[in-house]
Amino acid sequence: MLSVLRNRTYLHLFAAQIVALVGTGLATVALGLLAYDLAGAGAGSVLGTALAIKMLAYVGIAPVVTALAHRIPRRRLMAASDLTRAAVALTLPFVTEVWQVYVLIFVLQSASAAFTPAFQSVIPEVLPEEREYTRALSLSRLAYDTESLVSPVLAGALLALISYNWLFWGTAAGFLASAALVLSAVLPKPLRPEPLRSVQEGAGDGVLARSVRGTRLFLAVPRLRAMLALDLAAAAASAMVIVNTVVYVRGQLGRPATDVPIALGAYGAGSMAVALLLPRVLDRVPDRIVMLPAAFGIVGLFALLAVLTAAGPGAWRWPVLLAVWAVLGAAGSLILTPTGRVLRDSVAAEDLPAVFSAQFSLSHGCWLLTYPLAGWLGATLGLTAASAALGAVALASGLLAARAWRGVPGAAAAATAAASGKRGVAVTR
């Protein structure tokens with residue numbers, strides 16, 4: 001897997017991703033402490049609002065930035081996004097009002113919405129060979145999972161020596177290092193996309209048309225519609241874990257607070273295991289064979305979770321919860337890791353920025369739906385109802401994906417070529 005790091009451009013970009021992720025992780029911990037200083041017992045509502053603002057920025061900003069990005073070299077766009085995020089991080093220690101936090105979080109996440117799709121769309125151009133790109137996707141998934149485990153530990157160690165405000169300086173340093181690494185990389189020259197004549201005749205090539213270009217491709221290409229449905233299944237799984245882990249561990253099982261990170265670590269470990277093993281699997285089997293069963297596996301895990309929730313007290317429930325969380329992490333990784341391969345193979349090269357931006361925006365729209373669903377149902381109707389509802393979401397998503405992605409090469413090729421306004425864009429996976 002590490003052989004792809006021999007590519008100097010990818011090495012710089014991957015290093016930029018790593019340091020930016022660590023900076024983001026430190027900011028997450030520091031932001032929670034800042035919210036508590038500003039709002040006390042209301043810190044949870046502050047963080048919940050900040051999370052909603054993050055998702056809204058991701059959903060709304062990414063397509064617009066992509067529509068304008070063809071006027072800016074991608075390297076400069078990513079570096080400018082990093083510099084913006086660094087400036088926000090340096091400002092956060094000086095805020096005194098909750099509304100200031102909301103404004104700065106919107107700016108920070110808007111910059112992230114500009115950076116991430118651009119970064120993702122560059123990688124398949126830097127690593128055009130199928131085997132190398134697959135391993136790059138697994139490394140990226142591994143980086144996200146590792147950060148979720150390492151950043152809280154690093155933040156805890158730093159907080160033993162310094163106040164939390166200094167963590168924002170660490171965040172800024174991470175973004176500045178990311179900008180420097182991006183600027184040091186030599187990126188391929190992007191192709192200019194043509195108007196989407198086949199999707200909507202006369203749609204034009206203006207900002208509005210470019211903003212919805214990726215979404216139109218998602219709606220026009222069956223395999224991309226399936227990808228969106230699979231994103232919703234994965235979002236249902238991650239929402240249950242992120243929102244309700246503390247409720248399960250503390251409320252349902254009566255475990256100490258120190259067991260909460262253990263449960264979250266089980267979820268991350270399952271995801272990391274798949275990220276390490278999946279490249280060899282994808283060398284032999286199509287993406288579809290890996291991703292669709294994972295969605296239906298999530299349905300079965302939600303059924304098991306509902307049984308666990310309804311069962312009476314018992315020491316067996318704790319190891320079962322850890323096992324369910326680990327397998328949910330593995331199932332989510334089976335869906336999310338090959339996403340870049342599916343997107344790359346579904347459209348022409350010049351449409352990659354548009355579809356990566358649309359996937360970024362639409363997938364976060366799935367989380368914007370499932371996060372409050374997991375929280376609201378769990379709090380009002382109970383965790384069994386939340387498990388049943390999210391399981392139903394995953395089941396519907398899996399069925400829609402299976403129906404859209406039937407693995408018929410000719411139909412997939414025709415739809416892809418029509419949507420892109422090109423000839424010869426065809427992949428059978």
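Contact means heavy atoms within 4.5 Å. Keep that cut-off at hand for the exercises below. The model is predicted.

**Exercise 1. Find which residues Trp 325 touches, leaving out residues up to four places away in sequence. Then place Trp 325 in its core.**

Step 1. Apply the contact cut-off of 4.5 Å between heavy atoms.
Step 2. Read off the partners of Trp 325. They are Met 240, Val 241, Thr 245, Tyr 248, Ala 263, Ala 266, Tyr 267 and Leu 305.
Step 3. Turn to the largest nonpolar core, which has 81 residues. Trp 325 and Leu 13 touch the most other members.
Step 4. Domain 1 (1-185) and domain 2 (206-407) both give residues to it, so the core lies between them.

In soluble globular proteins, nonpolar side chains tend to be buried together.

**Exercise 2. Decide whether Arg 85 is buried or exposed, and list what it touches.**

Step 1. Find its place. Arg 85 sits in helix α3 (residues 74-91).
Step 2. Recall the cut-off: buried means under 20% relative accessible area.
Step 3. Compare. Arg 85 has a relative accessible area of 5%, so it is buried.
Step 4. List the contacts, not counting residues up to four places away in sequence. Arg 85 touches Ala 20, Leu 108, Ala 111, Ser 112, Phe 115 and Phe 175.

**Exercise 3. Describe the salt bridge between Asp 283 and Arg 135.**

Step 1. Start with the idea. Side chains of opposite charge can pair when their charged atoms come close.
Step 2. Check the distance. The closest N and O atoms of Asp 283 and Arg 135 are 2.7 Å apart.
Step 3. Asp 283 is in the loop between α10 (259-282) and α11, while Arg 135 is in helix α5. The two are 148 residues apart, and the pair links distant parts of the chain.
Step 4. Asp 283 is partly exposed because its relative accessible area is 38%. Arg 135 is buried because its value is 5%.

**Exercise 4. How many salt bridges does a search of the whole structure find? Describe two more pairs.**

Step 1. The search finds five.
Step 2. Take Asp 259 and Arg 255. Their closest N and O atoms are 2.8 Å apart. Asp 259 is buried at 8% relative accessible area, whereas Arg 255 is partly exposed at 27%.
Step 3. Take Asp 345 and Arg 344. Here the closest N and O atoms are 3.2 Å apart. Asp 345 is buried at 11%, and Arg 344 is buried at 12%.

**Exercise 5. Which residues make the nonpolar surface patch of about 620 Å²?**

Step 1. Name the members: Phe 94, Leu 161, Ile 162, Trp 166 and Trp 169.
Step 2. Pick one. Ile 162 lies in the loop between α5 (130-159) and α6 (165-184).
Step 3. Ile 162 has 33% relative accessibility, so it counts as partly exposed.

**Exercise 6. Summarise the whole protein chain.**

Step 1. Count the elements. The chain has 16 helices and zero strands.
Step 2. Of its 429 residues, 51% count as buried.
Step 3. The chain exposes about 17900 Å², and carbon and sulfur atoms supply 68% of it.

Definitions and conventions. Residues are numbered from 1 along each chain as its sequence is written. This is a predicted model: local features need pLDDT of at least 70, side-chain atom pairs count only at pLDDT 80 or more; totals for chains, interfaces and linings use all residues. Side-chain values use heavy atoms; hydrogens and water are left out. Patches are made of residues with over 30% relative accessible area and no salt bridge: like charges are joined within 9 Å, nonpolar side chains (Val, Leu, Ile, Met, Phe, Trp, Tyr) within 5 Å. Accessible areas come from the Shrake-Rupley method with a 1.4 Å probe; for residues, only the protein chains shown count as cover. A salt bridge is a side-chain nitrogen of Lys or Arg within 4 Å of a carboxyl oxygen of Asp or Glu. Helices (H or I, at least four residues) and strands (E, at least two) are DSSP runs, numbered from the N terminus. Buried means under 20% relative accessible area, exposed over 50%, partly exposed in between (1.4 Å probe, protein chains only). A nonpolar core is a set of buried Ala, Val, Leu, Ile, Met, Phe, Trp, Tyr and Cys residues joined through side-chain atoms within 4.5 Å. Domain bounds come from an automatic or database domain assignment.
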